[in-house]
Amino acid sequence: MTDTSDNDQAITRVIWHSDEQKNRLKSRYRKEKIFKFFAVSSLAAAMAALVVVLGSIIITGSSGFIETRIEMDIFLDKAVLGDLPTDDRQEYEKQVAGANINRILVSSLQREFPDVTKRSDVFELLRLFSVGAQTDIRDVILKDPSVIGKTIPINLLASSNVDMLIKGNISRDVAENDRKISDQQIAWIDKLNNDGKVTQGFNWSFFVSGDSREPELAGIWSATIGSFLTLLVTFLIAFPIGVGSAIYLEEFAPKNRITDLIEININNLAAVPSIIFGLLGLAIFINYINLPRSAPLVGGLTLALMTLPTIIITARAALKAVPPSIKEAAIGLGASHMQTVFHHVLPLSMPGILTGSIIGMAQALGETAPLIMIGMVAFIVDTPGSIMEASTALPVQVYLWADSPERGFLEKTSAAIMVLLAFLIIMNGLAIWLRQKFEKKW
Amino acid sequence: MSAYLLFIILTLILTCFYYIAKKRSLLLVDGDIKKLHSLPTHYGWAAGINSFIPGFIILAIWTISKDNLINKLLISQLETESASLPTFELNALLSNIKNYIANGTGDESLAVYAEYYRNVSEKIAWSFFLAAIGVSCISGYYTLYKMSPTVNSRNHIETIIKMMLLAFSVIAIITTIGIVFSLLFESIRFFDQVSITEFVFGIKWSPQTAIRIDQVGSSGAFGAVPLFMGTMLITVIAMLIAGPIGLLSAIYMAEFANKKVRKIAKPLLEILAGIPTVVYGFIAALVVAPFIRDTGALFGLEIASESALAAGIVMGVMIIPLISSLSDDVISVVPQSLREGSLGLGATQTETILKVILPSALPGVVGALLLATSRAIGETMIVVMAAGMAANLTINPLEAVTTVTVQIVALLTGDQEFASSKTLSAFALGLALFFTTLALNAIALIIVKKYREQYD
């Protein structure tokens, strides 16, 4: 006892209200404030990054949903179209498809601008319109054969350069040689604009058409279908296998070396870079098993292997969350272990398993690198009809468009990203809804 | 005879046996279900599955070995001088024959073999087909024959289901083995052509191999050091951004923020984590790279439009949520008593965090940083879209560099023959990438696990 009192004596008494101590306290509080400031600004920086990412996508992308059209009086010349058999629908469609619509467009343009005579000028004028303008005219003829021989106003799709000019993405101030649209063309557009012929509308074709070399015609439909088919394969493979192995590891696996090995393996696989799975898909599925390149089947298989660890880990957590009392009750009533699992534990953990699987699917939907590896980067216009046909996927489409030099593809890229993000939000929203609606607190 | 058809027939046989066995089990005990050991459906499934499995095994053998078997038979038919050809010429001959069979075009002398091929493949297909159906029926019938009220059918199927579940969980291992072997196999082929020392220590990377032998620079250079350096440079930049920001955000959310802020900030960070990497790549190329270039021009600096800095910054943003959520987890595992003890002794919150919480959470934080590093090393889309293709050996973040992942993508997109050293080098790069990330992950997981146990 005396020892301690001796020690106490040895400690110098601190005078807490001395200036020295007050200053020390002040500096400690200042440090507190500085640290807190750094912590807050880190979080703010992360939030700012989110705002920058989403903001720049929305700013550049929202105009991608708008298209520009120019109304022109088109004379559907019988002499050019030829004698079309209006009574035989099939033959009629065939002949319209082969008709020289370009000449009709050119002659109509020359009526509108009679002073344009030089061949190169006519060509310039024609370039105000998209290649898709011919389809617009064709559609009108196909819809109603009675218009042939008449002059009717048709809303024609403008070319991407005109579209960009109207949207203000091409500056008029730059020198003529540095922009993709000539002074002459701008003058024509201004004239048409003053006449009220230039209109802007919602770009429906963006959602229903496939990829194209022309920005104004490019759409995301075939990429969306490709993504859907790929995800379908992924789900059909990864879900049963993932849930099955989760059940085994959680309920039946004996505690031994092999089980440990499987567990370590799954945890490691979850962190393997996605591009490695792409290499695996390329080496095994394409070069060894000889499955078709670029097909959603291969993409789906590759992504399934990639999503498998996510599904297994979340499914195990969901299975674990079911209280033992339920199992004990079932086993007590004479059910076998297998019956207990499949009749009670699995249905009760299904919401959790589904939530995890949907989140895994959302990851797979945004994945690009493995799909590039297995060749889903080709320029594909047609919508894939089966999982064996060459196709592309939404994120790959984004990658392809982002690589295109045309200014018009910039807004299309952002617009496609917006659609992709919308899908991701829907999937994650569904997962959150499932969790909140069906999750039981035991 | 397609495999699909056989599969459908086997499924039909399964259904038949299922119903017959189900009915028969009830007949055995005159409808008194209590006398049966298992439920009638169990007897049904037992018979059905017993009939299906042997048939399915034969089907599997057929599908896998079909090509090999027919090739062997074809080779045995070839004249002796052709049969002793080198392997690849033999393969070319075989593919010529198959091409002839499929399209009817090619050398007329192949017609004999084509005829033989058709004959033999038909015969083999039929024999497998009949064998599968026969074995499946016999096996099913045997189960029916052996059936009695005391047979334990339930355990029988449950064992089979258990085996199936085990097989499912082994797929994870098979995937790893598949990755290792496919990478290793192609890499070995690559190292046959390029020495391993050149690959690991060489400082010149230009994988363009010439089409003609006399072309200038015909021997591509495969020194991967510039790629490793580029990857490291971008990863370091990313970690310099994401490490502090992620960790400090986690500290703020775990220690300072009230519930309301947490409730808003956490999902927002999750959104940041959920954005596909291709979107980040687009942002890097569209927003960040021009911004850095213009800012540099303001100070008279010449910055490449595909600088390592732009890719690194955006990659840093991408891994912020990963670091913050992992560190958030490890910080919240630190026992409350430590916090209270420190605060009770008069320490400020900052002092508590820096001197008590962080030191005790350190292993977990280190684990989180390692996982994030491995993620950054393996990240592909951002660097493909924002870092360059030029293999510069530099540590200047304002210059364009290229990374391992960028080169893998560049080497494997577009058409090329598969056996060229250019294509194969991608697999060697993949192998290096795989083992680097695997090592980082393994260390991180071990550290995190040890740390968890400490407080459990």
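This is a predicted model: local features need pLDDT of at least 70, side-chain atom pairs count only at pLDDT 80 or more; totals for chains, interfaces and linings use all residues.
Let me begin with the place where the two chains meet, where 69 residues of chain B are in contact with 65 residues of chain A. On the chain B side of this meeting place, the largest share comes from helix 6, residues 153-193, which supplies 19 residues.

Let me now take chain B as a whole. Chain B has 456 residues, of which 40% are buried, and its secondary structure consists of 16 helices and two strands. When we consider the contacts in chain B with a separation of 6 or more, 75% of them are accounted for by residues 24 or more positions apart. The domain assignment divides chain B into domain 1, covering 3-151, and domain 2, covering 221-455, and the centres of these two domains, taken over C-alpha atoms, are separated by 51 Å.

Chain A, for its part, is divided into three domains, with domain 1 at 14-61, domain 2 at 66-203 and domain 3 at 221-438. The C-alpha centres of domain 1 and domain 3 of chain A lie 40 Å apart, and yet four residues of domain 1 of chain A are in contact with six residues of domain 3 of chain A. On the domain 1 side of that contact there are two nonpolar residues, two polar residues and no charged ones.

Next, the nonpolar cores. Which residues touch the most other members of the largest nonpolar core? In this core of 188 residues, they are B:Ala284, B:Ala311, B:Val314, B:Ile382 and B:Ala386. Helix 8 of chain B, residues 225-256, gives the largest share of this core, namely 17 residues. To see one of these members in its surroundings, look at B:Ala311, which, leaving aside its neighbours within four places in sequence, is in contact with B:Ile234, B:Ala284, B:Ile382, B:Val383, B:Ala386 and B:Ala387. Apart from this core lies another one, of 24 residues, which includes A:Ile74, A:Ile137, A:Ile141 and A:Leu157.

Leaving aside its neighbours within four places in sequence, A:Val122 is in contact with A:Val106, A:Gln110 and A:Val116. Between A:Val122 and A:Trp433, by contrast, there are 58 Å in space, C-alpha to C-alpha, and 311 residues in sequence.

A:Ile237 has its place in helix 11 of chain A, residues 221-252, and with 18 C-beta neighbours inside 10 Å it counts as partly exposed. If we again leave aside the neighbours within four places in sequence, A:Ile237 is in contact with A:Gly300, A:Leu301 and A:Ala304, while 55 Å separate its C-alpha atom from that of A:Asn193, 44 residues away along the chain.

Is A:Ser294 buried or exposed? A:Ser294 counts as buried, because it has 20 C-beta neighbours inside 10 Å. This residue is found in the loop between helix 13 (274-288) and helix 14 (296-321) of chain A, and it has a positive phi of about 65 degrees although it is not a glycine.

Finally, in chain B, B:Pro267 lies in helix 9, residues 259-274, and its 13 C-beta neighbours inside 10 Å make it count as partly exposed. B:Pro267 and B:Ser324 are 57 residues apart in sequence, and their C-alpha atoms are 12 Å apart in space.

How values were computed: Residues are numbered from 1 along each chain as its sequence is written. Chains are lettered from A and ligands numbered from 1 in the order in which they are written. Two residues are in contact if their C-beta atoms, placed from the backbone, lie within 7 Å. Helices (H or I, at least four residues) and strands (E, at least two) are DSSP runs, numbered from the N terminus. Domain bounds come from an automatic or database domain assignment. Ala, Val, Leu, Ile, Met, Phe, Trp, Tyr, Cys and Pro count as nonpolar, Asp, Glu, Lys and Arg as charged, and the others, Gly among them, as polar. A nonpolar core is a set of buried Ala, Val, Leu, Ile, Met, Phe, Trp, Tyr and Cys residues joined through C-beta atoms within 7 Å. A residue is buried if 20 or more other C-beta atoms lie within 10 Å of its own, exposed if 12 or fewer, and partly exposed in between; C-beta atoms are placed from the backbone.
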